[in-house]
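These are my notebook entries on one protein chain. I list what I looked up, topic by topic.

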Amino acid sequence: MTKSLYWKLALLLLPIVVGFNTVRADEEAKNELISRFEHIETLRANFIQRVLDETGEELQVLGGEMLVHSPSHFRWEIETPYSLTYVLNRLDLMVVDPDLHQVTYRTIDSPDEVPIVALLVHRDMDVLNEFTISATKNAFILEPLDQMQLFKLITVYFDNMRLDAIDVRDSQDRLTEFTFRDLEENVVLDDSLFEVTIAEDMEIIGEPPSAVP
(Lines give C-alpha, C1' and ligand atoms only; values in the text may rest on other atoms or scores of the structure.)
Protein backbone atom coordinates (compact mmCIF):
# COMPACT_ATOMS: atom_id res chain seq x y z
CA MET A 1 0.00 0.00 0.00
CA THR A 2 1.47 3.36 -1.00
CA LYS A 3 1.73 6.39 1.26
CA SER A 4 -0.75 8.24 -0.95
CA LEU A 5 -3.49 5.83 0.14
CA TYR A 6 -2.88 6.20 3.85
CA TRP A 7 -4.70 9.50 4.33
CA LYS A 8 -8.02 7.77 3.66
CA LEU A 9 -7.33 5.08 6.23
CA ALA A 10 -5.74 7.51 8.67
CA LEU A 11 -8.69 9.87 8.64
CA LEU A 12 -11.15 7.03 8.90
CA LEU A 13 -9.32 6.34 12.07
CA LEU A 14 -11.30 3.11 11.64
CA PRO A 15 -12.33 -8.12 12.22
CA ILE A 16 -15.44 -8.95 13.43
CA VAL A 17 -14.89 -9.25 17.18
CA VAL A 18 -15.71 -12.69 18.59
CA GLY A 19 -16.77 -13.42 22.14
CA PHE A 20 -18.74 -10.31 23.12
CA ASN A 21 -21.04 -10.89 26.07
CA THR A 22 -24.06 -9.01 24.77
CA VAL A 23 -24.80 -7.22 21.51
CA ARG A 24 -27.37 -4.44 21.14
CA ALA A 25 -28.36 -3.23 17.67
CA ASP A 26 -30.84 -0.43 18.14
CA GLU A 27 -31.35 3.30 18.65
CA GLU A 28 -29.98 2.92 22.17
CA ALA A 29 -26.59 1.88 20.79
CA LYS A 30 -26.51 4.90 18.47
CA ASN A 31 -27.43 7.32 21.26
CA GLU A 32 -24.82 5.84 23.57
CA LEU A 33 -22.11 6.25 20.92
CA ILE A 34 -23.17 9.86 20.36
CA SER A 35 -22.89 10.54 24.09
CA ARG A 36 -19.33 9.14 24.10
CA PHE A 37 -18.27 11.61 21.39
CA GLU A 38 -20.27 14.69 22.36
CA HIS A 39 -18.33 15.46 25.54
CA ILE A 40 -14.98 15.54 23.69
CA GLU A 41 -13.73 19.04 22.94
CA THR A 42 -10.06 18.14 22.43
CA LEU A 43 -8.03 14.95 22.17
CA ARG A 44 -4.32 14.29 22.23
CA ALA A 45 -2.90 10.78 21.88
CA ASN A 46 -0.07 8.70 20.51
CA PHE A 47 -1.14 6.03 18.04
CA ILE A 48 0.03 2.78 16.51
CA GLN A 49 -1.45 2.09 13.06
CA ARG A 50 -1.16 -1.56 12.04
CA VAL A 51 -2.19 -2.75 8.56
CA LEU A 52 -2.97 -6.43 7.88
CA ASP A 53 -3.87 -8.10 4.61
CA GLU A 54 -6.91 -10.36 4.10
CA THR A 55 -4.97 -13.36 5.46
CA GLY A 56 -3.89 -11.54 8.62
CA GLU A 57 -0.31 -10.98 7.50
CA GLU A 58 1.14 -7.71 8.77
CA LEU A 59 1.88 -5.27 5.95
CA GLN A 60 3.09 -2.23 7.90
CA VAL A 61 3.19 -0.61 11.33
CA LEU A 62 3.18 3.18 11.71
CA GLY A 63 3.48 5.34 14.81
CA GLY A 64 2.79 8.95 15.60
CA GLU A 65 0.54 11.51 17.27
CA MET A 66 -3.10 12.55 16.85
CA LEU A 67 -4.51 15.96 17.83
CA VAL A 68 -8.21 16.90 17.71
CA HIS A 69 -9.74 20.29 18.43
CA SER A 70 -13.49 20.24 17.78
CA PRO A 71 -15.21 21.54 15.71
CA SER A 72 -12.57 22.39 13.14
CA HIS A 73 -9.01 21.09 13.61
CA PHE A 74 -7.41 17.67 13.21
CA ARG A 75 -3.75 16.69 12.95
CA TRP A 76 -2.48 13.18 12.21
CA GLU A 77 1.31 13.02 12.25
CA ILE A 78 3.12 9.83 11.29
CA GLU A 79 6.59 9.83 12.87
CA THR A 80 7.82 6.26 12.23
CA PRO A 81 9.01 4.59 10.04
CA TYR A 82 8.81 7.78 7.96
CA SER A 83 7.43 11.30 8.37
CA LEU A 84 4.04 12.32 6.96
CA THR A 85 1.64 14.91 8.37
CA TYR A 86 -2.06 15.45 7.68
CA VAL A 87 -3.68 18.67 8.92
CA LEU A 88 -7.42 19.19 8.47
CA ASN A 89 -8.99 22.62 9.01
CA ARG A 90 -12.74 22.07 8.62
CA LEU A 91 -12.81 20.63 5.07
CA ASP A 92 -9.37 21.83 3.94
CA LEU A 93 -6.72 19.10 4.04
CA MET A 94 -2.97 19.66 3.91
CA VAL A 95 -0.55 16.73 3.49
CA VAL A 96 3.13 17.38 4.19
CA ASP A 97 5.56 14.76 2.83
CA PRO A 98 9.20 15.61 3.67
CA ASP A 99 10.52 12.59 1.75
CA LEU A 100 8.98 13.78 -1.51
CA HIS A 101 9.55 17.39 -0.49
CA GLN A 102 5.91 18.12 -1.26
CA VAL A 103 2.91 19.81 0.29
CA THR A 104 -0.46 18.81 -1.11
CA TYR A 105 -3.70 20.73 -0.59
CA ARG A 106 -7.16 19.38 -1.29
CA THR A 107 -10.72 19.90 -0.07
CA ILE A 108 -12.85 17.14 1.36
CA ASP A 109 -16.30 17.23 -0.21
CA SER A 110 -18.15 16.52 3.04
CA PRO A 111 -17.42 15.57 6.66
CA ASP A 112 -19.25 12.33 5.90
CA GLU A 113 -16.34 11.33 3.62
CA VAL A 114 -14.39 10.38 6.75
CA PRO A 115 -16.96 9.26 9.36
CA ILE A 116 -14.78 9.16 12.47
CA VAL A 117 -13.44 12.64 11.75
CA ALA A 118 -17.03 13.79 11.21
CA LEU A 119 -17.83 12.57 14.73
CA LEU A 120 -14.65 13.59 16.55
CA VAL A 121 -13.93 16.88 14.83
CA HIS A 122 -17.03 18.24 13.11
CA ARG A 123 -19.55 16.75 15.58
CA ASP A 124 -21.70 15.68 12.62
CA MET A 125 -23.73 12.98 14.36
CA ASP A 126 -26.02 12.63 11.33
CA VAL A 127 -23.27 10.53 9.74
CA LEU A 128 -24.38 7.69 12.02
CA ASN A 129 -27.63 7.46 10.07
CA GLU A 130 -25.57 5.84 7.30
CA PHE A 131 -24.71 2.83 9.49
CA THR A 132 -26.25 -0.10 11.26
CA ILE A 133 -24.85 0.22 14.78
CA SER A 134 -24.52 -2.50 17.38
CA ALA A 135 -22.96 -2.21 20.81
CA THR A 136 -21.25 -4.43 23.34
CA LYS A 137 -19.84 -3.64 26.75
CA ASN A 138 -16.68 -2.00 25.38
CA ALA A 139 -17.20 -1.53 21.65
CA PHE A 140 -19.48 -0.18 18.93
CA ILE A 141 -19.71 -1.93 15.56
CA LEU A 142 -20.64 0.22 12.54
CA GLU A 143 -21.69 -1.43 9.27
CA PRO A 144 -22.36 0.98 6.36
CA LEU A 145 -25.77 0.77 4.74
CA ASP A 146 -24.17 1.65 1.39
CA GLN A 147 -22.31 -1.43 0.20
CA MET A 148 -20.24 0.76 -2.16
CA GLN A 149 -18.30 2.32 0.71
CA LEU A 150 -14.49 2.01 0.82
CA PHE A 151 -14.85 0.06 4.05
CA LYS A 152 -17.32 -2.56 5.26
CA LEU A 153 -16.88 -2.54 9.01
CA ILE A 154 -15.70 -0.08 11.67
CA THR A 155 -15.28 -1.15 15.29
CA VAL A 156 -14.73 1.58 17.90
CA TYR A 157 -13.38 0.40 21.25
CA PHE A 158 -13.56 2.21 24.59
CA ASP A 159 -11.76 1.63 27.87
CA ASN A 160 -14.58 2.63 30.20
CA MET A 161 -15.58 5.97 28.61
CA ARG A 162 -12.19 6.70 27.01
CA LEU A 163 -11.49 6.04 23.32
CA ASP A 164 -9.08 3.10 23.16
CA ALA A 165 -8.85 1.77 19.58
CA ILE A 166 -10.50 1.71 16.15
CA ASP A 167 -10.48 -1.14 13.64
CA VAL A 168 -11.37 -0.61 9.98
CA ARG A 169 -12.08 -3.51 7.63
CA ASP A 170 -11.97 -2.22 4.06
CA SER A 171 -13.72 -3.48 0.93
CA GLN A 172 -10.63 -5.55 0.03
CA ASP A 173 -10.77 -7.30 3.43
CA ARG A 174 -7.65 -5.51 4.68
CA LEU A 175 -7.73 -4.58 8.35
CA THR A 176 -6.28 -1.36 9.74
CA GLU A 177 -5.96 -1.23 13.53
CA PHE A 178 -5.55 2.12 15.28
CA THR A 179 -4.50 1.81 18.93
CA PHE A 180 -4.29 4.94 21.08
CA ARG A 181 -1.95 5.45 24.02
CA ASP A 182 -1.38 8.27 26.55
CA LEU A 183 -4.72 9.72 25.48
CA GLU A 184 -5.75 13.05 27.02
CA GLU A 185 -9.25 14.48 26.70
CA ASN A 186 -10.30 18.13 26.93
CA VAL A 187 -6.82 19.53 27.50
CA VAL A 188 -5.78 22.93 26.18
CA LEU A 189 -4.48 22.69 22.60
CA ASP A 190 -3.13 25.90 21.12
CA ASP A 191 -4.05 26.67 17.50
CA SER A 192 -0.32 26.75 16.69
CA LEU A 193 -0.25 22.96 17.08
CA PHE A 194 -2.29 22.73 13.89
CA GLU A 195 0.05 24.94 11.89
CA VAL A 196 2.93 23.61 9.80
CA THR A 197 5.91 25.68 8.68
CA ILE A 198 6.53 25.03 4.97
CA ALA A 199 10.04 25.45 3.59
CA GLU A 200 10.24 27.79 0.62
CA ASP A 201 11.69 25.12 -1.65
CA MET A 202 8.87 22.60 -1.01
CA GLU A 203 6.79 21.70 -4.08
CA ILE A 204 3.19 22.87 -3.68
CA ILE A 205 0.42 20.75 -5.18
CA GLY A 206 -3.05 22.30 -5.21
CA GLU A 207 -3.99 25.69 -3.80
CA PRO A 208 -3.72 26.66 -0.14
CA PRO A 209 -7.13 27.71 1.27
CA SER A 210 -5.98 31.35 1.57
CA ALA A 211 -5.31 31.40 -2.17
CA VAL A 212 -8.83 30.30 -3.05
CA PRO A 213 -11.22 33.23 -3.75
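Entry 1: In which sense do strand β8 and β9 pair, and over how many bridges? I found that strand β8 (residues 139-144) and β9 pair in the antiparallel sense over four bridges. Two strands count as paired if DSSP finds at least two bridges between them. Within this pair, F140 stands opposite V156 in β9.

**Entry 2: the ground rules.** I note that the model is predicted, that local features need pLDDT of at least 70 and side-chain atom pairs pLDDT 80 or more, while totals for chains, interfaces and linings use all residues. Residues are numbered from 1 along each chain as its sequence is written, and side-chain values use heavy atoms, with hydrogens and water left out.

**Entry 3: the chain as a whole.** I looked up the secondary structure and found three helices and 12 strands. Helices (H or I, at least four residues) and strands (E, at least two) are DSSP runs, numbered from the N terminus. The chain has 213 residues, of which 48% count as buried. Buried means under 20% relative accessible area, exposed over 50%, and partly exposed in between, with a 1.4 Å probe and protein chains only. The chain exposes about 10600 Å², and carbon and sulfur atoms supply 48% of that area. These areas come from the Shrake-Rupley method with a 1.4 Å probe; for residues, only the protein chains shown count as cover.

**Entry 4: the sheet.** I traced an open sheet of 12 strands with mixed pairing, in the order β7-β8-β9-β10-β11-β1-β2-β3-β4-β5-β6-β12. Why is one side of β7 and of β12 left without a neighbour in the sheet? Both stand at the edges, β7 at 131-135 and β12 at 203-205, and each has a single partner strand, so one side of each has no neighbour there. On average, neighbouring strands of this sheet are turned by 15° against each other, direction ignored. For such angles, axes are lines fitted to C-alpha atoms, for helices over the stretch in contact, and angles run from 0 to 180 degrees between N-to-C directions.

Strand β5 (residues 92-97) and strand β6 (residues 102-107) run antiparallel and are joined by six bridges. In this pairing D92 stands opposite T107 in β6. β5 and β6 form a hairpin with four residues between them, and H101 in the turn has a positive phi of about 60°. β6 and β12, by contrast, run parallel and are joined by three bridges. There V103 stands opposite I204 in β12.

**Entry 5: salt bridges.** I counted nine salt bridges in a search of the whole structure. A salt bridge is a side-chain nitrogen of Lys or Arg within 4 Å of a carboxyl oxygen of Asp or Glu. One of them joins the side chains of E32 and R36, at 2.9 Å from N to O. Both residues lie in helix α2 (residues 27-38), four residues apart, about one turn of the helix. E32 is partly exposed, with a relative accessible area of 24%, whereas R36 is buried at 6%.

Another salt bridge joins R181 and D164 at 3.9 Å, N to O. R181 lies in strand β11 (residues 175-185) and D164 in strand β10 (residues 162-170), so the pair ties together parts that are 17 residues apart in sequence. R181 is partly exposed at 46%, and D164 is partly exposed at 27%.

I also noted D170 and R174, whose side chains meet at 3.1 Å, N to O. D170 is buried at 6% relative accessibility, and R174 is partly exposed at 28%. R50, E58 and E177 are linked in a network of salt bridges.

**Entry 6: aromatic rings.** I found six aromatic pairs. Rings of Phe, Tyr and Trp (its six-membered ring) pair if their centres lie within 6.5 Å; planes under 30 degrees apart count as stacked, over 60 as edge-to-face and the rest as tilted. F37 and F158 form an edge-to-face pair, 6.3 Å centre to centre with 70° between the planes. This pair links distant parts of the chain, with F37 in helix α2 and F158 in strand β9 (residues 151-159), 121 residues apart. Both F37 and F158 are buried.

F47 and W76 are stacked, 3.8 Å centre to centre with 15° between the planes. F47 lies in strand β1 (residues 42-52) and W76 in strand β3 (residues 73-80), 29 residues apart. Both F47 and W76 are buried. Ring pairs link F47, F74, W76 and F178 into a cluster.

Finally, I returned to R36, which lies over the face of F158, at 4.8 Å from the ring centre. A charge sits over a ring if NZ of Lys or CZ of Arg is within 6 Å of the ring centre and within 35 degrees of the ring normal.
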